[in-house]
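Here is a short report on one protein chain.

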Amino acid sequence: MPAYDAAAVAALADERVSRRDRVLPPAFWGRTIAEVLAEKPRLSQLPTPLMTLSAPGIQHNIDTLAGWCTQHGVEHAPHGKTTMAPALWAKQLDAGACALTLANVYHLAVARQFGVQRVLIANSVVSPLQLRWIADELARDPEFEVSVWADSVRTVEIMEAARSAYVDPDARLLDVMVEFGAPGGRTGARDFETAEAVASAVAESSTLRLVGVAAYEGAVSGDVDEAGLSAVRAFLEDMAELHSRLGEFYAEGVVPIVTAGGSEFFELVAEVLAPLQDARVIVRSGAYISHDDGLYRRVSPLGNAPRTDGEQLVAAMHGWMRITSQPEPGLAIFDAGRRDFPVDQDMPEPQLIRPRSSGEAVLPATGMSVTKLNDQHGYLQFGDEPVVIGDELRVGLSHPCTAFDKWGLIPVVDDPDAADPVVVDLIRTYF
């Protein structure tokens, strides 16, 4: 069975762009995406503010992590919430991803619209309406596979009550993974006893089956110093111990899944969990696909300070903004703000100035820094290298998860370092 509906993904090119697609000027409104791309528009034809993706960068990152996972004996179910872009999901699945990870049932509905067949929901689902919708999807498509998480007996009781009152006795069981957590972290059972009670409740239910153990180790530590790495390693060792304790509760014939690994510690997941001989070990890195010029550049195992073998990831998302005012010496105001670029981790990083006239070269944005963003204005401090009103700057962005959600349509360019990059794709997102 194909991992997704390729025809549905291809049909995205037939969608017509409109005034809702702020990345394109009015001259393109009413045309299909395919028609726009056929004209090979250049960056200079698009308005600012803008976020773009790098075609070679995205492909490099997808190929790099796919190869890394194969080499290190783990499977990959990338977190699709990072991009919410079915066209990018398709590229990840084509590269060998075993499934998609998603955060909630809305995300699952988008995935099902595009025929995605295997999904891990990295969350508990306790809404009876949503549980019934999932039951309908399982009944409608015998090839569809989905699992959810549970970290309390109460969660199991809610799922069992909602499903047992709705599904037929011979309906397909809903796959459940026990979620493990750590004190002070996010969700997840805080100790072995609670986790074992959850597993027992799933095993005793009539509509559920236990298929594995899941965790988000990024909640244990946000630091990649030795103390942070040691804390995460110890947590993963406890996770492996929990898996061994739950052996009696796994459904018959199931090869259990043990899954962890965001985009910050996936090398530790492979180190600690890949040696398990009786489980499928799955990492769920999502932000790797675009990487960034901030958070993940600092903390990724394949970032600027690599902690594992393999090629480094490259920043494949960029912001573009235009100087609109110079009200004081050394201060310029630009046309992008918090509604356009993420600021929850780092400010945008000035990188280059596009040519000011035909035939001129790209200039480095040296001695410049973004100090503040309002809703739709930004503040650029500059020194000896001046900017002038009308200059268009490229900035590096930090944290993909709060960058993609600001754009319903994202241009993909052939070379973000070029004087006037060519737009080679337009990626639709579904936030």
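## Annotated domain

Residues 316-414 are 0% helix and 44% strand. The end C-alpha atoms of this stretch are 11 Å apart. The model is predicted. UniProt lists residues 316-414 as "domain: D-serine dehydratase-like", in an unreviewed entry.

## Aromatic pairs

The structure contains four aromatic pairs. One of them is Phe114 with Tyr430, in an edge-to-face arrangement. Their centres are 5.6 Å apart, with 70 degrees between the planes. This pair links distant parts of the chain, 316 residues apart. Phe114 sits in the loop between α5 (105-113) and β4 (118-121). Tyr430 sits in the segment after β18 (423-428). Phe114 and Tyr430 are buried.

Phe180 and Phe192 make a stacked pair. The distance is 5.8 Å centre to centre, and the planes are 10 degrees apart; the planes count as stacked because the cut-off is under 30 degrees. Phe180 lies in the loop between β6 (174-179) and α8 (192-204), while Phe192 is in helix α8, so the pair ties together parts twelve residues apart in sequence. Phe180 and Phe192 are both buried. Together with Phe235, Phe180 and Phe192 form one aromatic cluster.

## Charges over rings

Which ring has Arg22 over its face? The ring is that of Trp407, and Arg22 is 3.7 Å from the ring centre.

Arg112 has its charged end over the ring of Phe144. The distance to the centre of that ring is 4.0 Å.

Conventions. Residues are numbered from 1 along each chain as its sequence is written. This is a predicted model: local features need pLDDT of at least 70, side-chain atom pairs count only at pLDDT 80 or more; totals for chains, interfaces and linings use all residues. Side-chain values use heavy atoms; hydrogens and water are left out. UniProt positions are given in the numbering used here, feature names are shortened, and annotations may be inferred rather than shown by experiment. Helices (H or I, at least four residues) and strands (E, at least two) are DSSP runs, numbered from the N terminus. Rings of Phe, Tyr and Trp (its six-membered ring) pair if their centres lie within 6.5 Å; planes under 30 degrees apart count as stacked, over 60 as edge-to-face and the rest as tilted. Buried means under 20% relative accessible area, exposed over 50%, partly exposed in between (1.4 Å probe, protein chains only). A charge sits over a ring if NZ of Lys or CZ of Arg is within 6 Å of the ring centre and within 35 degrees of the ring normal.
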